[in-house]
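Keep the structure open as you read.

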Amino acid sequence: MEFSYLELFGYMLAITGSISWVPQIVAILKSRSGEGLNFTMFAMLDAVTCVICTFCIKSGLPYSNFLEIVITNVQVFTIHALARYFLNQKKELSILVAVKVVLVSVMVAAPLPWLKVGLNCLVPLMIVNKSKLVYNHYKMKSTGQLAGSTLLLQWFQFSGRVLTTYLSGNTGFMFAVATNCFLATIFAGQYLWYSYKSKIEKLE
């Protein structure tokens with residue numbers, strides 16, 4: 001595969017990643033509620049994507065390699081902020097904004113080796129949190145307030161990112177990307193299975 005085709009595929013994934021969280025944002029705006037969302041997951045995803053974005057920009061990588069991660073970071077923060085707003089958690093919302101400003105400032109000032117260390121510390125925490133979500137979905141027999149379209153788009157995005165990360169040779173974050181792909185596959189599978197079971201039960 002020529003790198004030009006790889007870059008084109010990267011931009012396709014960037015488009016997918018750019019819209020993956022839109023259904024979730026729409027769902028929150030329609031319901032005007034953030035009830036049931038896992039704020040810890042969104043906080044960790046915000047931090048992880050912020051570190052990856054900063055590393056990629058400082059490393060001078062082409063935007064096709066990480067553009068959707070930048071947009072994902074903005075969308076994840078937006079979802080978190082909207083949920084706090086509609087839950088009337090003004091204090092928590094103010095803290096969220098302040099932490100975001102501090103986080104971005106630290107990321108800009110931090111050298112590349114520090115960013116890698118930061119990511120290596122955050123990824124295990126993210127794995128633990130998302131694993132708990134998988135178990136909670138299993139107990140509830142539902143993926144809760146997570147939008148189905150978002151889960152499916154993220155599965156496609158992370159699956160493709162494993163391929164582009166490997167082929168481009170920029171494998172520094174392969175573990176994080178592959179882990180997200182694995183968990184996204186489980187989330188998408190749970191959504192499809194529980195949706196199917198729900199339809200069968202209604203027909204009966």
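## Surface and charge

The protein exposes about 11100 Å², and 67% of that comes from carbon and sulfur atoms. Areas like this come from the Shrake-Rupley method with a 1.4 Å probe, and for residues only the protein chains shown count as cover. Keep in mind that this is a predicted model: local features need pLDDT of at least 70, side-chain atom pairs count only at pLDDT 80 or more, and totals for chains, interfaces and linings use all residues. Residues are numbered from 1 along each chain as its sequence is written, and side-chain values use heavy atoms, with hydrogens and water left out.

As for charge, there are 16 positive and 8 negative ones, and their mean positions sit 7 Å apart. Lys and Arg count as positive, Asp and Glu as negative, while His and the chain ends are not counted. Each charge is placed at NZ of Lys, CZ of Arg, CG of Asp or CD of Glu.

## Overall build

You'll find eight helices and zero strands here, where helices (H or I, at least four residues) and strands (E, at least two) are DSSP runs numbered from the N terminus. The radius of gyration is 17 Å, close to the 17 Å that the globule rule gives for 204 residues, so the protein is as compact as a globular protein of that length. That radius is taken over C-alpha atoms, and the rule is 2.2 Å times the number of residues to the power 0.38.

Buried residues make up 42% of the 204; buried means under 20% relative accessible area, exposed over 50%, and partly exposed in between (1.4 Å probe, protein chains only). Among contacts (heavy atoms within 4.5 Å) between residues at least 6 apart in sequence, 82% join residues at least 24 apart.

## Helix α4 and what follows

Helix α4 covers residues 67–86 and spans 29 Å from first C-alpha to last, close to the expected 28 Å. The expected span is 1.5 Å times one less than the number of residues. α4 is mostly covered, with 14 of its 20 residues buried.

Leaving aside neighbours within four places in sequence, Leu87 contacts Gly34, Glu35 and Phe39. Asn88 is in that loop between α4 and α5 too, and is exposed at 56%.

## Positive phi

Most residues other than glycine have a negative phi. Asn88 has a positive phi near 60°, and Arg32 has a positive one near 50°. Arg32 lies in the loop between α2 (22–31) and α3 (39–59) and is exposed, with a relative accessible area of 54%.
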